[in-house]
Amino acid sequence: MSERLLRGVGAAAGAVMGPALVYREAQAVPTAAKAGTPAEEQARYEAARRRAAAELEELVQRADDHGREILGAHQLMLQDPEMHDLVAASIQAGKPAEEAVQAAVEQFAGMLEALDDEYLRERAADVRDVGRRLVAALTGRSVGLRLERPAVVIARDLAPTDTIGLDRSLLLGIVTEQGGPTSHTSILARSWGIPAVVAAHGVLEAAADGMTVALDGDSGEVVLDPDAGTRIRYEAAMARAREQAERDRAEASLPGETPDGVRVELAANAGSPDEVALAMEKGAEGVGLLRSEFLFMGRDTAPTEEEQYAAYAAALRNAGGRRVIIRTLDIGGDKDVPYLGLAKEENPFLGVRALRLCFRRPELFRAQLRALLRASVHGRLAIMFPMVGGLADLRRAREALAEARRSLEAEGHPVADNYEVGIMIEIPSAALLADHLAAEVDFFSIGTNDLVQYTLAVDRGNPALAEMYQPYHPAVLRLIDRVVTAAHAAGKWVGVCGEMGGLPAGALLLLGLGVDELSMSPALLARIRRLVRATPFAEARSVAQQSLALGTPEEVLALVEPLVRRGE
Ligand code: PEP
Ligand code: MG
């Protein structure tokens with residue numbers, strides 16, 4: 001038989017070839033079970049919910065940052081009161097619990113699928129995933145897909161929790177018939193570095209278990225049973241990727257330094273103590289942002305001071321003496337935590353978020369600050385406050401920290417003397433007042449993700465505005481320039497922990513503007529390290545300075561791109 005070529009949409013970059021594992025999940029059709037009494041069915045439903053919640057909790061323990069976010073959304077859906085009311089009404093009307101769940105899920109998913117917005121449409125898959133778990137719990141089955149040997153997984157669509165549950169060390173690639181590049185499965189594949197192709201129509205029918213399959217997550221090509229020529233092509237691409245990975249490993253210990261001798265610390269962002277360890281393996285010179293939200297999400301109660309202390313101490317130990325910047329809680333905005341009972345807001349990104357929330361919940365803030373200070377003796381700690389709008393926020397946060405320190409000392413707890421205290425610059429007012437703020441901190445870290453959204457008034461999570469979300473906007477660059485100048489004038493250092501620092505053009509502009517540290521996803525470090533080591537600072541500075549005088553992001557990119565190409 002000759003090879004069969006299919007075209008899908010590339011969802012996660014990279015080429016791979018290996019044996020297929022075809023996942024033909026039985027549709028979660030409810031059995032034609034006869035309903036018990038409504039009270040019995042309601043009790044079965046409640047028990048299934050508890051089981052589903054326990055399963056999700058178990059998955060949370062194994063998930064990374066992205067996985068936890070997805071699972072957090074599933075946990076919320078499982079508690080959704082509207083969903084309950086719908087299910088309960090069907091049960092009262094005499095339906096078995098399976099059918100009641102299925103009907104409610106389809107009603108919700110149908111509503112989402114009717115929307116214009118692609119991102120929201122794809123959330124229907126999450127609703128169905130939760131429904132499938134509930135129905136499986138009702139019928140005593142377990143859900144999910146397990147890998148026993150390395151394989152390319154082929155499926156109609158992978159429910160987000162199917163993907164989270166997969167053993168990453170055995171997953172070679174993913175091909176699905178359905179799904180889009182913004183589905184959770186695609187997002188996860190990208191963050192794991194696993195090649196993926198979605199919307200490959202006909203693949204499920206044409207593929208068989210064990211058949212060799214080659215896929216290219218850049219072009220969207222899928223080849224079933226590839227012939228000799230195709231195999232050679234894919235083997236060569238895989239060999240190149242392996243060589244690149246080896247080169248990355250070999251270069252991991254090289255410092256971020258330009259050929260003309262300017263140092264920029266290349267640090268990593270992390271979402272848990274385990275990710276701190278991973279970042280060190282990838283050659284991070286420190287952790288520029290540890291988001292402490294990981295401790296608070298996907299659970300029913302706030303973590304205790306003890307629990308937090310253990311986690312922060314582990315993060316510091318995993319960094320082996322390198323600096324770890326731990327950011328205090330940034331909940332609110334688009335991150336909800338049900339047990340905190342936050343009010344729904346019209347504009348959550350402009351609402352009770354981060355420090356604003358901590359000031360209203362002093363007990364929550366105090367426990368975190370005490371845990372951080374207690375952990376300070378285990379490594380090189382820096383404490384960072386998010387969403388500082390001006391001096392009042394900074395002073396209030398510092399006073400809470402001082403109070404936490406006094407309380408620990410009164411109790412005889414040891415606290416280090418050498419921890420640093422800094423703030424994120426992510427609100428334009430803070431960027432404009434950076435000279436005042438610089439006098440009262442040890443460092444700044446610029447949060448470009450939020451600084452861009454607040455400067456340009458473009459919601460960072462709204463896919464309809466994705467094209468308007470422009471980190472290279474000269475207005476943003478001018479604010480960053482001002483922040484760097486103010487920090488250096490006060491003898492303080494300044495880093496960047498937003499996504500811009502991990503983009504090649506962004507990294508060069510920031511380097512040229514004089515930023516001292518760039519912190520990014522560990523997967524991006526190797527590329528940015530190579531670029532920094534190949535680009536003379538004098539050239540980066542010249543491009544950055546010229547950019548400040550330009551009027552549009554397009555002009556900025558046109559200026560910086562030749563420098564990126566030359567450095568790569
Ligand atoms: C930022 O705003 O750039 C940032 C790093 O914080 P977060 O993405 O967590 O809001
Ligand atoms: Mg932010």
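This is a predicted model: local features need pLDDT of at least 70, side-chain atom pairs count only at pLDDT 80 or more; totals for chains, interfaces and linings use all residues.
Because domain 1 (4-25 + 144-247) and domain 2 (38-139) both contribute residues to the lining of the second largest pocket, this pocket lies between them.

**Domains**
- The domain assignment divides the chain into domain 1 (4-25 + 144-247), domain 2 (38-139) and domain 3 (251-567), with domain 1 written as two segments, 4-25 and 144-247.
- Between the C-alpha centres of domain 1 and domain 3 there is a distance of 34 Å.

**The second largest pocket**
- The volume of the second largest pocket comes to about 840 Å³, and its lining is made up of 35 residues, among which A125, R128, D157, A159 and Q178 lie nearest the centre.
- At least two lining residues come from each of helix 4 (97-113), helix 5 (118-122), helix 6 (124-138), helix 7 (160-165) and helix 8 (184-192), and helix 6 gives the most, with seven residues.
- By residue class, the lining of the second largest pocket holds 15 charged, eleven nonpolar and nine polar residues.

**The magnesium site**
- The magnesium ion (ligand 2) is coordinated by E426 through OE and by D450 through OD, at 2.0 to 2.1 Å.
- These two residues link distant parts of the chain, since E426 sits in the loop between strand 13 (420-425) and helix 16 (428-432) while D450 belongs to helix 18 (residues 448-456), the two being 24 residues apart.
- Both of the coordinating residues, E426 and D450, are buried.

**Aromatic pairs**
- Three aromatic pairs are found when the whole structure is searched, and one of them joins F359 and F365 in an edge-to-face arrangement, with 6.1 Å from centre to centre and 75° between the planes.
- F365 also forms an edge-to-face aromatic pair with F385, at 6.2 Å centre to centre and with 65° between the planes.
- Because F365 lies in helix 14 (residues 362-375) and F385 in strand 12 (residues 380-385), this pair ties together parts that are 20 residues apart in sequence.

Technical notes
Residues are numbered from 1 along each chain as its sequence is written. Chains are lettered from A and ligands numbered from 1 in the order in which they are written. Side-chain values use heavy atoms; hydrogens and water are left out. Domain bounds come from an automatic or database domain assignment. Donors are N, O and S atoms within 2.8 Å of the metal (3.2 Å for Na, K and Ca); water is not among the atoms, so sites may look incomplete. Helices (H or I, at least four residues) and strands (E, at least two) are DSSP runs, numbered from the N terminus. Buried means under 20% relative accessible area, exposed over 50%, partly exposed in between (1.4 Å probe, protein chains only). On a 1 Å grid over the protein atoms alone, a cavity is a set of points where a 1.4 Å probe fits but cannot get out, and a pocket is an open set with protein on both sides within 12 Å along at least five of seven lines; lining residues have an atom within 4 Å of a point. Grid points are joined across faces, edges and corners, and a volume is the space filled by probe spheres set on the points. Ala, Val, Leu, Ile, Met, Phe, Trp, Tyr, Cys and Pro count as nonpolar, Asp, Glu, Lys and Arg as charged, and the others, Gly among them, as polar. Rings of Phe, Tyr and Trp (its six-membered ring) pair if their centres lie within 6.5 Å; planes under 30 degrees apart count as stacked, over 60 as edge-to-face and the rest as tilted.
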